[in-house]
Amino acid sequence: MAFMEKKSPGKVLLDDTVPLSCMIEASQNLQSHTEYIIRVQRGVSAENSWQVIRRYSDFDVLNASLQISGLILPLPPKKLIGNMDPEFIAERQEGLQNYLNFITTQHMLSNCELVKKFLDPTNYSSNYTEIALQQVSMFFRSEPNWEVVEPLKEIGWRLRKRHFLIKSKDRPKERQVLSWADFGPDMFLSDKDLQSTMKLLPSWSHPYIYPVTFATASDSSALVIRMYNEKGTLRDYICKAKPKDPFMKKYCNPKKIQGLDLQQIKTFGRQILEVLKFLHEKRIPYGHLHPSNVMLDGDTCKLLDLENSLLGLPSFYRAYYTQSRKINTTEAIDVYSFGHLLYEITYGRPPDSVPVDSFPSVPSTDIVSVLQSILSAEAWKTNMPTIAQLLETPLFNDVVLHNTEKPQFKIPTKLKEALKTAKECMENKLNQEQRALHRYKRLTRAQSHHGSEEEKKRRKTLARKQAKKSKQSVTENEVDISAKSSNSNNVNSGSGASSPLTSPSSPTPPSTGVSLVPPPLVAPPKSETDLPSQSISNANGAGRAALLTSIQSFKKGHLKPTDTNDRSVPTIK
C-alpha cells in the first residue's frame, strides 16, 4: 500500500469552504475619505485572523460585481456631502457591518471568488483562469488532438477549478468539457496511487455515473474530459437555467424555480441512492453530491465529478455537516447531502437553514418522513440513516429501475487498500474539525451566558448576599471585641489604672454617648444595680468603692464634665 504521509508539494492546504467571519474594528479619516479597519477570521481559531483596510468605494465596487447574483444586497447608500461627519461615519460603519454579515453568511456568496479576494487578498490573489490555461496548454502539447473552443467562465462554484469547452480534431462537431482543478486539502493518496486511479476513471462505467473520456494528473493538479450535455444538470433543470451561464447568476436567486413531481422525485432519488450504495460497497469515497453534480440524461440521473474526493477537494456542503458530530463518516456525508438534494428537488430551492424546523406541504408524507430523518434537529442529535435504510423507505422501495447495464469497476487490490486508507484519513480529519468546532461552540455559549442580562442580575444578587453576610460577620466581631475591651477596662479602672481621656483643650462634642479614644468602652449603667456583676466582682475593694462614689456624685451633680483631672474615671458628658 502506498500511503502518502508527507504533504505533496503541489497540494493546496487551504480549505476554501471554511467560513470567513469579519468585524469592523475601527475607522480612520485620511484627508478626504474614511478607511474601515476590518478584522477577518477563518474558522474558529482567533489566531487565524488578519486585518484588511477598505474604503466605501471598495465596498461599492464589490457590490456592483455581486449584482449578478440577483440578490438584494444591503449596502448603505452613497453620500457626497457631509460624509466626514462623525455621526454619519458611525452610522455608515454599522451599515457596512450588516453588509459584511450578509455576504459572509449567504452560502453561495460566501464561497465566491469576489468575496474571498475582498476579505483575504493574500490567499486569493492568484488568477486561477491563467493558471488553468497554462496547465491546459501544457497538456495540449502532449495531446495535440484537442483544442479549446471557449472558456466556460464561472459555471461552477469552486475557486480553484476551471472549465473549458473543447473539441477533438477527429470529431470537430462534437463538444466536450475539460475540467482542471488544483489538489485540495483532503488529498491523502500518494502521487503514484493518484495517477493509477485517474487512469482507471475512463474505464469505470455505471448506469448512474456520467462517463469520463480522459483523465490525468500532474504533481499539483488534474484534468478530466467529459462529453458536453446541452441540457445541463439537475439544478439547471430545477432553476430553468442555461448550463453555460455563471454559477451565481443561475442559482443565487433564480427567477423561475420548479420542484419535481412525485414520480420524478421517487425515480431520481432511487437512482442516486443505488449509485451511492455501489460506490460505498467498492469503498470509493464520494462526498460531493448536490444537484449541480447530477447530470440529467433523459430520465436518468448520473453522478459527476467522481474525481473530486480523489483530489482532496472539499465538499459544497462541508460548512453544514461539520456542525454535526453525528455526520462523521463518508457514508453519513452522502446521506446528509442526499437529504439536502431531496429538499431542493422537492421545493425547487435549498433550505434556508439547517437543521430544518418545519417542512412545507408536499405531494406525499413519505417525502417529509425521509427529510425529517436526515435534516431535522432530532436527526442531528442521533445517527444518520444508512443508504440501505433509505432504499427501504416507502418513498423508494417500490421504484422499479429499468436500466440493466452492468457496472464495470476494476480496481487492483493495492489500490483498494490505498483508497480505504485515504477514506479513513478523510474521516479522521473531519472528526478533528468537528471536535474543535464543538469546543468553540461550548465556549461561545458559556461566554454568551456569562454576559447575558439574566446572568448579570444573578451575579449581582449573589454579590449583595455575600456582602450582607460579610458585613454581618464584621459587626458581630466588633461587638465581641467591644465587650471584651469593656470588661478589661472596667477591671483596670477599678484597680487605679488610668483610662484614656479626651483632650481637655478640645471642645466637647454633642451628647451622643461616651466619647472615648479606642479601644472603645461601654457606657456606664444607669444605676449601681445595673452594673455588670462580673466587672464589680473582679475589681478590688478600693477600686469598687471609688467607682461607686463617682457614679453617685455624678447623679447628685457633684461631678462635672470639666473635672477631667481625675484620671481614675472616664470623662462623661
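Two strands count as paired here if DSSP finds at least two bridges between them. Strands themselves are DSSP runs of E, at least two residues long, helices are runs of H or I of at least four, and both are numbered from the N terminus.

Okay, with that in hand, let's go through the model. It's a predicted one, so local features need pLDDT of at least 70 and side-chain atom pairs count only at pLDDT 80 or more, while totals for chains, interfaces and linings use all residues. Residues are numbered from 1 along each chain as its sequence is written, and side-chain values use heavy atoms, with hydrogens and water left out.

Overview first. The protein chain has 19 helices and 10 strands. Of its 573 residues, 45% are buried, meaning under 20% relative accessible area with a 1.4 Å probe, counting protein chains only; exposed is over 50%, and partly exposed lies in between. Now contacts, which are heavy atoms within 4.5 Å. Take those between residues at least 6 apart in sequence: 65% of them join residues at least 24 apart.

Now the three-stranded sheet. It's open, ordered β1-β2-β3, with antiparallel pairing. β1 (20-30) and β3 (49-55) sit at the edges with a single partner strand each, so one side of each has no neighbour in the sheet. From one strand to the next, the twist averages 25 degrees; angles here run from 0 to 180 degrees between N-to-C directions, and axes are lines fitted to C-alpha atoms, for helices over the stretch in contact.

Zoom in on β2, residues 33-42: its antiparallel pairing with β3 runs over 7 bridges. Which residue in β3 stands opposite valine 40? That's tryptophan 50.

α1 lies across β2 and β3, at about 90 degrees to β3. α2 touches β1 and β2, and its direction makes about 155 degrees with that of β1.

Those two helices also pack on each other. In general, you describe such a pair by the angle between the axes and the distance between them. For α1 (56-65) and α2 (86-105), that's about 35 degrees, with the axes 12 Å apart. The crossing is left-handed, which is to say the near helix is turned anticlockwise from the far one by less than a right angle; clockwise would be right-handed. On the α1 side you've got Tyr56, Phe59, Leu62 and Asn63, and they meet Arg92, Leu96, Tyr99, Leu100 and Ile103 in α2. That splits into 7 nonpolar, 1 polar and 1 charged. The nonpolar class is Ala, Val, Leu, Ile, Met, Phe, Trp, Tyr, Cys and Pro, the charged one is Asp, Glu, Lys and Arg, and the others, Gly among them, are polar.

On to the five-stranded sheet. This one is open too, in the order β4-β5-β6-β8-β7, again with antiparallel pairing. β4 (146-152) and β7 (214-217) are the edge strands, each pairing on one side only.

Have a look at β6.
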